[in-house]
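Here is a quick tour of a protein chain for anyone about to look at it on screen. Have a look at the model first, then read on.

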Amino acid sequence: MSEIVPSPAPGGVGAEPIALVKSFTFDGGAGAGLSGSAITFFTVTGEVEIISLVPICDTDLTTSGAATLALGVTGNTTLFIAATTATGIDAALFWMTATPTANALAVPAALKNIAITDNIIGTVATANITGGVIRFQLLWRPLSAGSLVV
């Protein structure tokens with residue numbers, strides 16, 4: 001006897017991955033590049049799996065000094081990418097390691113197949129990031145009822 005298993009509802013537990021693209025513009029203000037303040041790139045509700053997260057710089061980052069930027073989650077601020085010298089994150093570079101790369105790069109293990117329950121944040125340290133744009137390509141899947149990433 002075979003068991004009939006219903007297909008998951010769109011956006012429900014076990015659903016197909018959901019694509020989300022966000023661009024973030026730094027301006028040096030609170031929550032937008034001010035040293036010592038977290039930047040919320042994605043708000044996470046419930047349990048989700050990050051299938052892949054690919055940050056791409058669209059406009060060179062500028063700073064008021066030797067600023068660094070790390071990518072992680074609340075409570076683990078370097079989960080995805082360690083602190084990176086912000087002025088090294090330039091247009092057309094993939095920011096997937098502490099050394100941004102041009103042209104092509106395999107998505108590192110730290111940016112794929114990660115289960116999280118907290119917001120995806122950037123942590124700015126040392127000085128302010130006063131300008132620049134990073135685009136985030138996110139592919140995620142819900143792991144619990146009502147999970148959401150925005």
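## Charges and the overall picture

For counting charges, Lys and Arg are taken as positive and Asp and Glu as negative, while His and the chain ends are left out. On that basis the protein chain carries 4 positive and 9 negative side chains, and the centres of the two sets lie 4 Å apart. Keep in mind as you read that this is a predicted model.

Reading from the N terminus, the elements go β-β-β-β-β-β-β-β-β-β-β-β. The C-alpha trace spans about 65 × 30 × 20 Å along its principal axes. Of the 150 residues, 39% count as buried. The accessible surface comes to about 7,100 Å², and 58% of that belongs to carbon and sulfur atoms. If you take contacts between residues at least 6 apart in sequence, 76% of them join residues at least 24 apart.

## Strand S4 and its partners

Which strands does S4 pair with? One partner is S9, joined to S4 by 4 bridges, with the two strands running antiparallel. Here glutamate 49 stands opposite alanine 115 in S9. Another partner is S11, also antiparallel to S4, and this pairing has 12 bridges. In this case isoleucine 56 stands opposite arginine 135 in S11.

Serine 52 sits in S4, which covers residues 48-63. Is serine 52 buried or exposed? Its relative accessible area is 19%, and buried means under 20%, so serine 52 counts as buried. Beyond its neighbours within four places in sequence, serine 52 is in contact with Leu111, Lys112, Gln137, Leu138 and Leu139.

## The nonpolar core

The largest nonpolar core has 37 residues, and Ile50, Leu53, Phe80 and Ile120 touch the most other members. Several strands supply at least two residues each, among them S2 (38-42), S5 (68-73), S6 (76-85) and S10 (120-125). S4 gives the largest share, with 7 residues.

Leaving out residues up to four places away in sequence, leucine 53 touches Phe42, Leu71, Phe80, Leu111, Ile120, Phe136, Gln137 and Leu138. As a general point, side chains in a regular strand alternate between the two faces of the sheet.

## Phenylalanine 94

Phenylalanine 94 belongs to strand S7, which spans residues 93-94. What does phenylalanine 94 touch, not counting residues up to four places away in sequence? The list is Val54, Pro55, Ile56, Pro100, Thr101, Asn103 and Ala104.

Phenylalanine 94 and isoleucine 134 are 40 residues apart along the chain, with their C-alpha atoms separated by 9.5 Å.

## A glycine in a loop

Glycine 29 lies in the loop between strand S1 (18-25) and S2. Setting aside neighbours within four places in sequence, glycine 29 is in contact with Leu34 and Ser37.

How far is glycine 29 from isoleucine 129, going by C-alpha atoms? The separation is 8.6 Å, although the two are 100 residues apart along the chain.

Key:
Residues numbered from 1 in each chain as written. Predicted model: local features only at pLDDT ≥ 70, side-chain atom pairs only at ≥ 80, totals over all residues. Heavy atoms only, no water. Buried < 20%, exposed > 50% of the residue type's maximum accessible area, 1.4 Å probe, protein only. Contact = heavy atoms within 4.5 Å. Core = buried A, V, L, I, M, F, W, Y, C linked by side-chain atoms within 4.5 Å. Pairing = 2+ DSSP bridges. Areas by Shrake-Rupley, 256 points an atom, 1.4 Å probe, with all protein chains shown as cover. Charge placed at Lys NZ, Arg CZ, Asp CG, Glu CD.
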